[in-house]
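This report describes a protein and DNA model for a reader who wants the geometric criteria stated alongside the values. The sequence and structure come next, followed by the account.

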Amino acid sequence: MLKIISLETPANFSFKYTVGSHGWSDLPPFVLDEETGHLSYVFTDGKSGNSVSARISDGGGKLDIEIPQADFDRDKLIADVRHIFRLDDDLNDFYTAIANSNGLAWVANANAGRLLRSATVFEDLVKTLCTTNCSWALTRKMTLNLVEKIGLPAADGKKAFPTPEALGKVSEDFFRSEIRAGYRSPFFVELAESVAGSRLDPESWLRSELPTAELKKEIKSIKGIGDYAAENLLKLLGRYDGLALDSWLRGQFYKKHNREKVCADKKIEKHYRKFGVWQGLAMWCDMTEKWFDEKV
DNA sequence: GCGTCCAGGTCTACC
DNA sequence: GGTAGACCTGGACGC
């Protein structure tokens, strides 16, 4: 039985700009239908622990969530959707911070700035680890392997992202040979075992009152997570003090603001410092402005 | 088809 | 604190 839940969105919410905000909609268990614009995702049900496949679409002032089954934890599903689409994020301060920057005027006009995230911080952490030191194609392959080979299937066969418990049972050899994680394999094993064994609780970072620098230090204590990965995850936690510089972002900055010449990171940091705690989001929007002409 | 080179971010050892 | 080399995969390239 098909069930549809409608969820009201904030006035300054854009489905298109949230789904296309970065590469996450390209990574399983997200599936973006390029023709219809529908975004699919496989949730973990709060009651049974089973996987629940859902399709989410833009309802104009609301999100329409289609679930192909009747029995599921409605409150958990809604909480997950609110988290994924950042419906409770207040971006008014961000729009104020960039109001006098001509190059970023489009952001508030388009209601952009919400960065899509996964249903759990653990999933975002693992995916971020999959983005380190490799091409996007390899990131996608590792994520696909994790979902297809360890994820729990929903009734329609689509699979959810594996839980920490499921990942914690996987050997380092399996990560190498089946997931193609290479040298990251022992990092995945250690991370999954820490979370499954309750020695590490990534979800608690959402509520953490630690200053960002302290929280970053804690995140960086995880093997395989360096400056870029920690700052990228912090952005998904709603903290934008860091730029999360990687080779792509640096390259885009050189093109747009430095006459295609390489420069030190300090120059990039100086360029965005005026945006204060919003500098990471300001830079990301600045570098991805053209995406929406080309991609969406 | 095979071998070589390179890009990508982090870790460790060393200065 | 800064730097060099290793880690591993996949793509590009030359033969």
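## DNA contacts, sheet and aromatic pairs

DNA strand C is surrounded by Leu 138, Lys 141, Arg 176, Arg 180, Gly 182 and Tyr 183, where a residue is near a molecule or strand if one of its heavy atoms lies within 4 Å of it. The model is predicted, so that local features need pLDDT of at least 70 and side-chain atom pairs count only at pLDDT 80 or more, while totals for chains, interfaces and linings use all residues. Residues are numbered from 1 along each chain as its sequence is written, chains are lettered from A and ligands numbered from 1 in the order in which they are written, and side-chain values use heavy atoms, with hydrogens and water left out.

Of the atoms of DNA strand C within 4 Å of the protein, 93% belong to sugar or phosphate, and the rest belong to bases. By class, the residues of this surface divide into 2 nonpolar, 1 polar and 3 charged; here Ala, Val, Leu, Ile, Met, Phe, Trp, Tyr, Cys and Pro count as nonpolar, Asp, Glu, Lys and Arg as charged, and the others, Gly among them, as polar.

DNA strand B has 14 residues around it, the closest being Asn 133, Gly 224, Ala 229, Asp 246 and Ser 247. Sugar and phosphate account for 62% of the atoms of DNA strand B that come within 4 Å of the protein. The surface near DNA strand B has 6 nonpolar, 5 polar and 3 charged residues, and helix H11 (residues 227-236) contributes its largest share, 3 residues. Helices (H or I, at least four residues) and strands (E, at least two) are DSSP runs, numbered from the N terminus.

| Residue | Protein atom | DNA atom | Distance |
|---|---|---|---|
| Lys 141 | polar side-chain atom | phosphate oxygen, DNA strand C | 2.9 Å |
| Arg 176 | polar side-chain atom | phosphate oxygen, DNA strand C | 3.1 Å |
| Arg 180 | side-chain N or O atom | phosphate oxygen, DNA strand C | 3.5 Å |
| Asn 133 | polar backbone atom | base nitrogen, DNA strand B | 2.5 Å |
| Gly 224 | backbone N or O atom | phosphate oxygen, DNA strand B | 2.8 Å |
| Ile 225 | backbone N or O atom | phosphate oxygen, DNA strand B | 3.4 Å |

Turning to the fold, an open sheet of 5 strands has the order E1-E5-E4-E3-E2, with antiparallel pairing, and two strands pair if DSSP finds at least two bridges between them. Its edge strands, each of which pairs on one side only, are strand E1 (3-8) and strand E2 (31-32). E1 and E5 pair over 6 bridges in the antiparallel sense, with Lys 62 in E5 as the bridge partner of Glu 8. Antiparallel pairing also joins E4 and strand E5 (residues 62-67), over 4 bridges, and Arg 55 has Glu 66 in E5 as its bridge partner. The hairpin of E4 and E5 has 3 residues between the strands, and Gly 60 takes a positive phi near 70 degrees in it.

Strand E3 (residues 39-44) pairs with E4 in the antiparallel sense over 6 bridges, and Val 52 in E4 is the bridge partner of Phe 43. These two strands, E3 and E4, form a hairpin with 6 residues between them, and Gly 49 in the turn has a positive phi of about 80 degrees. Strand E4 (residues 51-58) is mostly covered, since 6 of its 8 residues are buried, where buried means under 20% relative accessible area, exposed over 50% and partly exposed in between, using a 1.4 Å probe and protein chains only.

Lys 158 lies in the loop between helix H6 (136-150) and helix H7 (164-168), and counts as partly exposed because its relative accessibility is 41%. Leaving out residues up to four places away in sequence, Lys 158 touches Ser 40, Val 42, Ser 53, Leu 152 and Pro 153, with contact meaning heavy atoms within 4.5 Å.

A search of the whole structure finds 17 aromatic pairs. The rings of Tyr 272 and Phe 275 have centres 6.4 Å apart and planes at 35 degrees, so this pair is tilted, whereas those of Trp 284 and Trp 291, with centres 5.6 Å apart and planes at 85 degrees, form an edge-to-face pair. For these labels, rings of Phe, Tyr and Trp (its six-membered ring) pair if their centres lie within 6.5 Å, and planes under 30 degrees apart count as stacked, over 60 as edge-to-face and the rest as tilted. Both Tyr 272 and Phe 275 are buried, and Trp 284 and Trp 291 are both buried as well.

Notes
Polar contact = N/O pair within 3.5 Å; in protein donor to acceptor, adjacent residues only side chain to side chain.
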